[in-house]
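Trainee: I would like to go through this model and test each label against its rule. Where do we start?
Mentor: With the structure itself.

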Amino acid sequence: MPKRTKLGVSAVKHLAWLTRIDLTDKEAKEISKQLTKILNYFSKIDEVDTSGVEPLYHPLEIGKVSRSDEPTPFPADEILKIVPSRKGRYVKAPRIA
Amino acid sequence: MTNIDLRSAKRLVEAIRLGEVSIVDVVEASLNKIKELDKDINAFITINSKKALAAAESLDTKLKRGEKVGALCGLPIAVKDVISTAGLETTCGSKILKGYIPPYDATVVAKLKEAGAVIVGKTNTDEFAMGSTTEFSAFGPTRNPVDKSRVAGGSSGGSGAAVAAGMVPLSLGSDTGGSIRCPAAFCGVVGLKPTYGSVSRYGLISYANSLEQIGPFAANVDDCALLFQCISGWDPMDSTSYRNPPKVESSKICRRVAVPKEFFGEGVEDAVARSVWRGIEALKDGGYVVEEVSLSTLDYALPAYYIIAMAEASSNLARFDGLRYGLSLKSGYRDWNTYFSKCRAKGFGPEVKRRILLGTYVLSAGYYGAYYLKAQKIRNILKTQFQQLFTKYGLIAGPTMPTTPFKIGEKIEDPLLMYMIDINTVPPNLTGHPAISVPVHKEGELPVGLQIIAPYFCEERLFQAAKIVEESLRRQ
Amino acid sequence: MDAKEDLDVKIGLEVHCHLTSLKTKLFCRCPADYYNKEPNTNICPVCMGLPGSLPVLNEQAVKHALAIALALGSRVSQKMVFYRKNYFYPDLPKNFQISQYDKVGGLPLATGGQIRLKDKVVRIRRIQLEEDPAKIVYEGSISTSPYALVDYNRSGVALVEIVTEPDLTTPKQARQFLQKLRAILEHLGVCNCDLEAALRCDANISVRGGYRVEIKNIGSFKDVEKALSFEVTRQKMLGAKRGMETRHWDDVRGVTISLRVKEEEQDYRYFPEADLPPYIITEDLIAETLAAMPELPDARRDRFIKQYNLPHQAAEILTSHKSLADLFEKSIEKYRSPLRIANWLISDILGYLNRKDLDPSTLKIAPEDIAALARAVDEGLINEQTGRNLLLKAATTGKRIEQKIFAEVSKIGDEATIKALVDRVFKENEKAVKDALKNEKAINYLIGLVMKASGGKTDPHITRSVIVAKLKQLS
Ligand SMILES: [Zn+2]
């Protein structure tokens, strides 16, 4: 039988911290309910016997893909242009906690 | 020129080449049609009028001079807003990328320009392509041109609707779990998810990178094939693109069609099933042999798909943190943890948040094996079963969508119910096989799509079969 | 800390080495050289993590990493797989790092292997290829700056991570290990280890079977020894915290500081990078890399012993610094006095470098000067001490000294010294000798040559009589 999993509010908040999404208590509560329901549906996969089966991470096998070590510079200013906050040529970021 | 029919790319190219219409005429007709219809349909997030007309003019000049203009010869085209266009805002239907102007073209966009296509705008999508109705767009839902109270399907709803409404002859979408085939079926047009690796993903803003492909929409099969030809091919910028796709030999089994009974499971509406069977009958009439089969793992494809897609999404969308591009918050955040968290909370919509959170969960220590790893194993079983089936059959067929397009808002409150409608479209994304959705005879007003799946790199076989279905509709 | 094995201490190292010989970054075609560049000049959609960009593997990076693995005798995987290491940090443009992993199905480039120290074999656990994050700089001090500034020039540069088993038992051994590793990397020509941050090291250490403590941010080899010595003493006195603690090395204060890392931050959610297909490492590639493998420090040491009759210890020291060993071989090519030159390089030059905390590769001394000095001493023109003084002068000023040697030489009246000079002049000027044998007047020319070889310092009378005597012998 598929297991029943509950993703409680504190678990949701922990996930939100891991992936840096600020959630209000109300949001976390609502999401906890939704995700619990989805997770229980996911448990359906427990019914499949996968013993001895390798995981398939890449749908098609492609051997060996690489490129030569020859530089092709990109116009860097085109990228700097879209950076929201800058100091000179540096990208400005909030300080480390 | 006002009465230009934008529903056939092939005819338009002929007319342009013969000098019956100019490219500016055609592009103007498209822009006018968009202006006229799009306030009700909302297929577009960004309209590219000025640059499109300028491009059209320069193409006309080229034509006049007798210079070479590519196979798409000035055709107006719409591009899903998850595909990067240099100098043209690319939002992914998200607030977090509002105002983001990519400094580079996706490879497919470069190929479109090379082929002489004119990009008239960027089309609406569920935020980061996460959805099946285009209701999860930060820029409002796309309405189905057939019945504007209904959804257009998703996530490439804008691209499907734009073709269905006759605003453009061609458009590009992306398909991660059905995002091209669903709107194709719901809007009554042709849509193809190519073999994984046959179209470059460079510049496609990733949702689930091991599952998705860019693919064409068109009003008919020939146009769909034409656009596919223009965008496919090896790209050194995408390590998962195929350099030398294996040559496919035609044999007797090419015309043998397997119809898994699982494709007609409990969620499939009777009327949809009847329409789809009429499409399959048309194949029989066209000389195909049809056999019903069973593919037990299909029942597990949907949860496996969502687990993998969410896991990949949680990582792919980590880069949106408000530092280098897109949404940024005014200062006042003393440390970056808080800044990232506030930025992402503000920029992402509810469905994206759900998928990122759940994707983080299925990858985290202690749950990896039970969810992510298990799902990838099921994916392997499914691929093996498909490959086995393809030793006896040349094609697999069934309904693209289990239902006809439903009312806007009908399923939006229940994420799981929404996921369920992808039940038939996700398997080819898991296995990488190409799949097409082609309209079949409908019982009421609402379109129904037949999905046909082929072995790797057998898109041509899909077009042949889809054409037979298409012709059977014309005869009726 | 003495070199005696401390069986209570277990130290493992995690070394990150930039592949500085590469022209481009690991996954994009940006130039890889980020030293002394204007910030954010070597950037592109890939290494800035722009949406839609995709990584493509630098083939040369694989070859360089493979050379390291083979040099360390590691087992090379038949195929290697890249994994995503997920964590948020402002220096990480995608907020995940493309790396490799040896658990949950991951296949790093290589596993196993070893480095032999004098009295110790240190086992290698794994060798993997990964991308470097960007560089964060602060205006003023790290603790007071209101914001961080990010320079992405370094983002995506190829790194090889070498992880050892916890086989080291003293801080000094750790340093010796790094020295040896460095020599190997330099001989392979894959890493210019002098460049700032080209070689970085984290260490983990447990004392008396206690909990493992990780020390991060160790900048130099000396600091590795210092930081580990500090930790050994600290842990012996205070013990280690439960669970795995991470501490930062503060090189200014010379102490390690505990980082209160939230436990949940450790969940990196490793999973395969689907944008990069598994990379098959063919037998051909391995054979090709082996064939192109240059002489490594151990082999070079053994050759030095055999070819130049150097004592083991001297050969070992010379070959553990590639630039020193190179300088040695270039010098004795000019004048073959291996023992004297080896001795000078080890005790004088290396001693000087150590006092100044400089690296041998920074030396500007010319092999010609070393050769000339050695010859001058051998010929008795100057004494050993003068030779060493001049050598140090050349090392510290970086100026050529070959011509200055004679300034140090006082009048040479010693017959033995003059004989040695005359022998050399005769050997190098066979025609002039023949002329002198025929024509007595030509003797003056020979005298002139000897005077020149001594910078005019030889006594002309003694010189004439030595030459005449020698000519007599020959005739
Ligand atoms: Zn780059």
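**Labels against their rules**

Mentor: Start with a charged pair: A:Glu27 forms a salt bridge with B:Lys353, and their closest N and O atoms are 3.6 Å apart. Keep in mind that this is a predicted model.

Trainee: Why is the pair A:Glu27 and B:Lys353 called a salt bridge?
Mentor: The rule wants a Lys or Arg side-chain nitrogen within 4 Å of a carboxyl oxygen of Asp or Glu. Here the closest N and O atoms are 3.6 Å apart, so the pair qualifies. The count between chain A and chain B is three salt bridges.

Trainee: How many residue pairs are in polar contact across the interface of chain A and chain B?
Mentor: The rule finds 16, with both residues at pLDDT 80 or more.

Trainee: Which elements of chain A each supply at least two residues to the side that touches chain B?
Mentor: Helix 1 (9-18), helix 2 (25-42), helix 3 (76-80) and strand 2 (90-94). Helix 2 gives the most, with nine residues. By class, that side of chain A has 34 nonpolar, five polar and 14 charged residues.

Trainee: How many residues are in contact between chain A and chain B, and what area is buried?
Mentor: 53 residues of chain A are in contact with 68 residues of chain B. The buried area is about 5400 Å², and carbon and sulfur atoms give 71% of it.

Trainee: Now chain C and chain B. What makes C:Asp275 and B:Arg201 a salt bridge?
Mentor: Their closest N and O atoms are 2.9 Å apart. The cut-off is 4 Å, so the pair passes. The count between chain C and chain B is one salt bridge. The count of residue pairs in polar contact there is 19, both residues at pLDDT 80 or more.

Trainee: Which elements give two or more residues to the side of chain C that touches chain B?
Mentor: Strand 4 (83-86) and strand 16 (271-272) of chain C. Strand 4 gives the largest share, three residues. By class, that side has 24 nonpolar, five polar and six charged residues.

Trainee: How many residues are in contact there, and what area is buried?
Mentor: 35 residues of chain C are in contact with 39 residues of chain B. Together the two chains bury about 2900 Å², 58% of it on carbon and sulfur atoms.

Trainee: How do you know which atoms coordinate the zinc ion?
Mentor: By distance. The SG atoms of C:Cys28, C:Cys30, C:Cys44 and C:Cys47 lie at 2.3 to 2.4 Å. The limit for a donor is 2.8 Å, so these atoms count.

Trainee: Why is the site of the zinc ion called tetrahedral?
Mentor: The angles among its four donor atoms are 99 to 117°. The rule asks that all angles lie between 85 and 135 degrees, so the label holds.

Trainee: How are the donor residues spaced in sequence?
Mentor: As C-x1-C-x13-C-x2-C. C:Cys28 and C:Cys44 are 16 residues apart, both in the loop between strand 1 (9-18) and helix 1 (59-71) of chain C.

Conventions: Residues are numbered from 1 along each chain as its sequence is written. Chains are lettered from A and ligands numbered from 1 in the order in which they are written. This is a predicted model: local features need pLDDT of at least 70, side-chain atom pairs count only at pLDDT 80 or more; totals for chains, interfaces and linings use all residues. Side-chain values use heavy atoms; hydrogens and water are left out. Contact means heavy atoms within 4.5 Å. Buried area is the accessible area (1.4 Å probe) that two parts lose on being put together, summed over both. A polar contact is a pair of N or O atoms within 3.5 Å; within protein, one must be able to donate a hydrogen and the other to accept it, and residues adjacent in sequence count only if both atoms are side-chain atoms. Helices (H or I, at least four residues) and strands (E, at least two) are DSSP runs, numbered from the N terminus. Ala, Val, Leu, Ile, Met, Phe, Trp, Tyr, Cys and Pro count as nonpolar, Asp, Glu, Lys and Arg as charged, and the others, Gly among them, as polar. Donors are N, O and S atoms within 2.8 Å of the metal (3.2 Å for Na, K and Ca); water is not among the atoms, so sites may look incomplete. Four donors count as tetrahedral if all angles lie between 85 and 135 degrees; four count as square planar and six as octahedral if opposite donors are over 155 degrees apart and all others between 65 and 115; anything else is irregular.
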